Amino acid sequence: MPFAPSAVHTHEPTRKSMTKATDSPQPPEALTRWYTRYSSPVGVLYIAARANAIVGIWYEDQAHFPLPHELGELIENPGTYLREHGTAEDEEPTGEYAAAQLLSRAEAELSEYFERKRTSFTLPLDPEGTDFQLIVWEHLKTVPAGYTTTYGEISRAVGPGAPAQAVGQAVGRNKVSIMIPCHRVIGADGSLTGYAGGVERKQFLLDLEEPEEVREARLF
């Protein structure tokens with residue numbers, strides 16, 4: 001189902017992540033990363049977080065897989081970690097514990113998504129990228145489940161002079177698979193075109209998100 005994109009202004013403050021320019025400077029521990037491995041219907045996903053946001057979700061065999069420093073330290077099972085490292089109710093979670101909370105929530109929301117119980121995500125996302133990549137990724141978040149858009153439509157939405165090829169490169173470098181839905185971008189002719197996780201996964205996700213009434217209509 002096609003999606004009509006709204007205009008996105010390109011004169012936002014220069015930035016290197018999705019964190020607002022007005023946010024307070026982060027303490028050093030907030031920049032440290034932790035990650036976990038999540039088994040999903042489309043294979044193992046590597047989910048990385050800082051104490052305040054999810055910074056990446058990658059397929060284990062995808063193109064542009066992150067370097068070790070982009071993953072950080074492994075938390076094998078976030079749920080178990082949280083049970084073993086409880087914090088006082090009136091104590092603000094920080095560092096590894098806060099990241100484990102986000103990783104655990106990410107696993108839960110992804111499970112709901114794959115069970116068709118969720119079509120959007122509530123977690124804070126803060127991937128690092130170029131200014132142009134961040135603008136494109138922010139726009140991708142506006143494309144709802146069950147809809148698709150094209151590289152050309154995104155190009156027109158993010159402002160004049162943004163070539164579709166540059167948009168395609170930014171989409172291909174998306175660091176938060178599924179939650180920033182680059183799989184909803186297709187070619188102008190309706191073809192699936194490229195996807196860092198592979199075209200088969202892209203088709204699986206689009207089929208998963210297909211509205212129930214559309215699925216039922218195809219069966220009859």
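The following exercises, each with a worked solution, go through a predicted model.

Residues are numbered from 1 along each chain as its sequence is written. In this predicted model, local features need pLDDT of at least 70 and side-chain atom pairs count only at pLDDT 80 or more, while totals for chains, interfaces and linings use all residues, and side-chain values use heavy atoms, with hydrogens and water left out.

**Exercise 1. Describe how strand 2 is paired and how far it is covered.**

Begin with the elements: helices (H or I, at least four residues) and strands (E, at least two) are DSSP runs, numbered from the N terminus, and two strands pair if DSSP finds at least two bridges between them.

Next, take the side of strand 1 (residues 34–40), which pairs with strand 2 in the antiparallel sense over 7 bridges. These two strands form a hairpin with 2 residues between them, and Arg-37 stands opposite Tyr-46 of strand 2.

Then turn to strand 3 (residues 54–59), which runs antiparallel to strand 2 and is joined to it by 5 bridges. Here the hairpin has 4 residues between the strands, and Leu-45 has Tyr-59 in strand 3 as its bridge partner.

Finally, consider burial, where buried means under 20% relative accessible area, exposed over 50%, and partly exposed in between (1.4 Å probe, protein chains only). In strand 2 (residues 43–49), 5 of the 7 residues are buried, so that the strand is mostly covered.

**Exercise 2. Locate the largest nonpolar core and follow the contacts of Ile-178.**

A nonpolar core is a set of buried Ala, Val, Leu, Ile, Met, Phe, Trp, Tyr and Cys residues joined through side-chain atoms within 4.5 Å. The largest such core has 45 residues, and those with the most contacts inside it are Ile-54, Leu-110, Phe-114, Val-171, Ile-178 and Met-179. Helix 3 (residues 95–114) gives the most to this core, with 9 residues. At least three residues of this core come from each of domain 1 (29–115) and domain 2 (131–215), the bounds being those of an automatic or database domain assignment.

For Ile-178, leave aside neighbours within four places in sequence and take contact to mean heavy atoms within 4.5 Å; the partners of Ile-178 then include Leu-45, Tyr-59, Leu-110 and Phe-114.

**Exercise 3. Is Cys-182 buried or exposed, and which residues does Cys-182 touch?**

Start from the record: an unreviewed UniProt entry lists Cys-182 under "active site", and such annotations, given in the numbering used here with shortened feature names, may be inferred rather than shown by experiment. Cys-182 is placed in the loop between helix 6 (164–172) and strand 6 (185–186). Because its relative accessible area is 6%, Cys-182 counts as buried. Not counting residues up to four places away in sequence, Cys-182 touches Leu-140, Val-171, Asn-174 and Tyr-195.
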